[in-house]
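This report covers one protein model, from overall make-up to single residues. Please keep the sequence and the structure in view while reading.

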Amino acid sequence: MVTLKCIAELKKPTHVGFGTGRQVRDLRRKPFIPSIVLTTQIATLSLRLAKSVNRPAPSVKVSDGFLMGKEKMVKVRGQDFFQGQIAFQVQVPKEENLDIVLGALKLLQNFGIGANTSMGFGY
């Protein structure tokens, strides 16, 4: 098993609220990105890459994305958006699948994380 320690810089304001309108927060009352959001996005991108090279999609385990340092909060139409750096881990069960997961992380850099991308937010 290979563990990748990742840091993502959220340059555009991001909102993760599961349709509640409220940004999810951790026990410190800081915004964070739950593992289900990161797992879904990384697994979907891994599947896309694996299909393109005719290989099985790897199963990945992703931790919650916790905010590092200071966040910048922005309110848009009553919803909280934040910017900053998040840290998370990705576990890949087999080393031969590492290239697909690294490719998925690279694609994640281009597609972004979060909601309301139609308003220009969410990356």
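## Burial and surface

Of the 123 residues of the protein, 40% count as buried, where buried means under 20% relative accessible area, exposed means over 50% and partly exposed lies in between, with a 1.4 Å probe and protein chains only. The protein exposes about 7300 Å², and carbon and sulfur atoms supply 54% of that area. Accessible areas come from the Shrake-Rupley method with a 1.4 Å probe, and for residues only the protein chains shown count as cover.

The model is predicted: local features need pLDDT of at least 70 and side-chain atom pairs count only at pLDDT 80 or more, while totals for chains, interfaces and linings use all residues. Residues are numbered from 1 along each chain as its sequence is written, and side-chain values use heavy atoms, with hydrogens and water left out.

## Fold elements

The protein has two helices and five strands. From the N terminus on, their order is β-β-α-β-β-β-α. Helices (H or I, at least four residues) and strands (E, at least two) are DSSP runs, numbered from the N terminus.

Contact means heavy atoms within 4.5 Å. Among contacts in the protein with a separation of 6 or more, 68% are between residues 24 or more positions apart.

## Nonpolar core

In soluble globular proteins, nonpolar side chains tend to be buried together. A nonpolar core is here a set of buried Ala, Val, Leu, Ile, Met, Phe, Trp, Tyr and Cys residues joined through side-chain atoms within 4.5 Å. The largest one has 24 residues, of which L4, I33, I42, I86, F88, V90 and L105 touch the most other members. At least two residues of this core come from each of β1 (2-14), α1 (35-52), β5 (79-92) and α2 (98-111).

V90 has contacts with V2, T3, L4, C6, I42, V60, K61, V62, V101 and L105, leaving aside its neighbours within four places in sequence. L98 lies in helix α2 and is buried, with a relative accessible area of 19%. With neighbours within four places again left aside, L98 is in contact with V2, L4 and V92. The C-alpha atoms of L98 and T3 are 9.8 Å apart, although 95 residues separate the two along the chain.

## Helix packing

The two helices α1 and α2 pack at an angle of about 115°, with their axes 8 Å apart. Axes are lines fitted to C-alpha atoms, for helices over the stretch in contact, and angles run from 0 to 180 degrees between N-to-C directions. The crossing of α1 and α2 is right-handed; a crossing is left-handed if the near helix is turned anticlockwise from the far one by less than a right angle, and right-handed if clockwise.

On the α1 side, Q41, I42, L45, S46, R48, L49 and A50 meet I100, V101, G103, A104, L105, L107, L108 and F111 in α2. P58, in the loop between α1 and β3, is buried at 8% relative accessibility. Apart from neighbours within four places in sequence, P58 is in contact with S46, N97, I100 and V101.

How many aromatic pairs does the structure hold? There is one. The rings of F32 and F66 have their centres 5.5 Å apart and their planes at 10°, so the pair is stacked. Rings of Phe, Tyr and Trp (its six-membered ring) pair if their centres lie within 6.5 Å; planes under 30 degrees apart count as stacked, over 60 as edge-to-face and the rest as tilted. F32 lies in strand β2 (residues 32-33) and F66 in strand β4 (residues 65-76), so the pair ties together parts that are 34 residues apart in sequence. F32 is buried at 10% relative accessible area, whereas F66 is partly exposed at 36%.

G65 also lies in strand β4 and is buried, with a relative accessible area of 0%. Residues up to four places away in sequence not counted, G65 touches F32, I33, L38, I86, A87 and F88.

## Positive phi

Most residues other than glycine have a negative phi. R29, in the loop between β1 and β2, has a positive phi of about 70° and is exposed, with a relative accessible area of 57%. N54 is found in the loop between α1 and β3 (61-62); its phi is positive, near 60°, and N54 counts as exposed at 73% relative accessibility.
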